[in-house]
Each structure stands twice: as C-alpha cells, then as structure tokens.
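Here is a short briefing for a first look at this protein. Look over the sequence and the model, then read on by topic.

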Amino acid sequence: MAISLTLESTAYTLDQLTARPEAQIALAGRSNVGKSSLVNALAGRKKLAKVSSTPGKTRSVNFYMVEPLGFYLVDLPGYGYARASHSEREKWARLLEKYLVECSSLKALALLLDCRLPPQQLDLNLAAFAQRNRLLLVPILTKVDKCNQKERAFRQKEWQDIVGICPVLTSSSSRFGIENLWRSLAEAAGVEAPIIKAL
C-alpha cells in the first residue's frame, strides 16, 4: 500500500483545529527534534514540510491528509524554544492544551523524542499530560542514526519504563524505522494498514 501526505490546511484557532470529523494524530516535540524532517520522511518527499533554520519559528498547526488511509497527521508547533515572546508562548500553550483535551477526532499524540538526549522535562510534562487525559501516546525516538545500537536500546528502554510504551526508533536521513512508524500511526488512528510504503 502506497501512502501519500498532502498539506490540506493550516489552522490558527480552536474551531479550525476541532472542526474535522476524520481521525487525527497530533505530532508534537521540541523545536529541534526533527519534526519537519520526519514529516518529509513519512511522505517520501524532501520539501513537503519546511525545515526552518530557526527552531521554534512555526506558529501554526498544519493538517496533512494521509491517503488512502483517510486520517490526518496534525503537525503542532515545536516547543521549548525561547524566540517567541512569553505571552505568545502562553497563548499557544492554552490553545494546544484545549485542542488535545477537547478534540473528539484526536486519536493519539505522537511524541517525538531526541534519541541522543536523556528525558527532558518538557517532554516528560507532555507525556504525563497525555496520560492524565487518557490520550493514547505514540513515543517516537528520532535521530537514531546518530546513536550506536547500545545507546538506542538504552534510550528506548528508558522511555518505555517512563511511559509504559516502547518507542518507535526512527531516522529521517536514513529512513530507518519509517515503515514501522507508519504501521504504529495507522494502528493508533484505527486504520488497518498491512504493508505500507510511502510514495
């Protein structure tokens, strides 16, 4: 099964975030975790999601339709970067918190985590928030190509011990783990996807 991603719309308000009836999976992570690169790897395209040279610059929510599976990947702004003003960060935090709690179409939170780093407090906070609100968590370790096998296994077990779920190992540059990730995302969205291949 070939999968494609299409940037369908950009949202800035809660109404825009919650209006769609199709299943949604939110993508969240720190500003330098490689979220845009992972979206491009999932799509099998280099320039679908813009990879910014200024982490934390994006302040919109991008809806990518997954075809032919019929659900959305919802790319949330990266967090943990101080370029935005305090009031702007607070505004976005409140908006995204409401979205994660109130959107009835939201099936899971895919949390991107840098394989090279020990658990960061902001990541721990978001994981705990998802679990408190009974939102399915899909932990994803990025940049595993920059770690050796022992480091990968250690980080994977570390996060599994914290959240109770084994993270998917991925690398955008080498495409390691991308098909496994598609299977995990499809399962989280409630879609049966046997053999997956990005276009």
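Helices (H or I, at least four residues) and strands (E, at least two) are DSSP runs, numbered from the N terminus. On that basis, the protein has six helices and eight strands. From the N terminus on, their order is β-α-β-α-β-β-α-β-α-β-α-β-α-β.

This is a predicted model: local features need pLDDT of at least 70, side-chain atom pairs count only at pLDDT 80 or more, and totals for chains, interfaces and linings use all residues. Residues are numbered from 1 along each chain as its sequence is written, and side-chain values use heavy atoms, with hydrogens and water left out.

**Overall figures**

- Of the 199 residues, 48% count as buried. Buried means under 20% relative accessible area, exposed over 50%, and partly exposed in between (1.4 Å probe, protein chains only).
- The protein exposes about 10200 Å², and carbon and sulfur atoms supply 50% of that area. The areas come from the Shrake-Rupley method with a 1.4 Å probe; for residues, only the protein chains shown count as cover.
- Among contacts with a separation of 6 or more, 75% join residues 24 or more positions apart. A contact means heavy atoms within 4.5 Å.

**Helix 4 and helix 5**

- Helix 4 (residues 121–132) packs against helix 5 (residues 149–163) at an angle of about 40°, with the axes 11 Å apart. Axes are lines fitted to C-alpha atoms, for helices over the stretch in contact, and angles run from 0 to 180 degrees between N-to-C directions.
- That angle makes helix 4 oblique to helix 5. Under 35 degrees would count as roughly parallel, over 145 as roughly antiparallel, 65 to 115 as roughly perpendicular, and the rest as oblique.
- Helix 4 contributes Asp123, Leu124, Ala127 and Gln131 to the contact, and helix 5 contributes Trp159, Ile162 and Val163.

**Backbone exceptions**

- Most residues other than glycine have a negative phi, and most peptide bonds are trans.
- The peptide bond from Glu67 to Pro68 is cis, with omega near 5°. Pro68 lies in the loop between strand 3 (61–67) and strand 4 (71–75).
- Arg134 is not a glycine, yet has a positive phi of about 55°. Arg134 sits in the loop between helix 4 and strand 6 (136–142). At 80% relative accessibility, Arg134 counts as exposed.
- Arg175 also is not a glycine and has a positive phi, of about 65°. Its loop runs between strand 7 (168–169) and helix 6 (178–188). At 37% relative accessibility, Arg175 counts as partly exposed.
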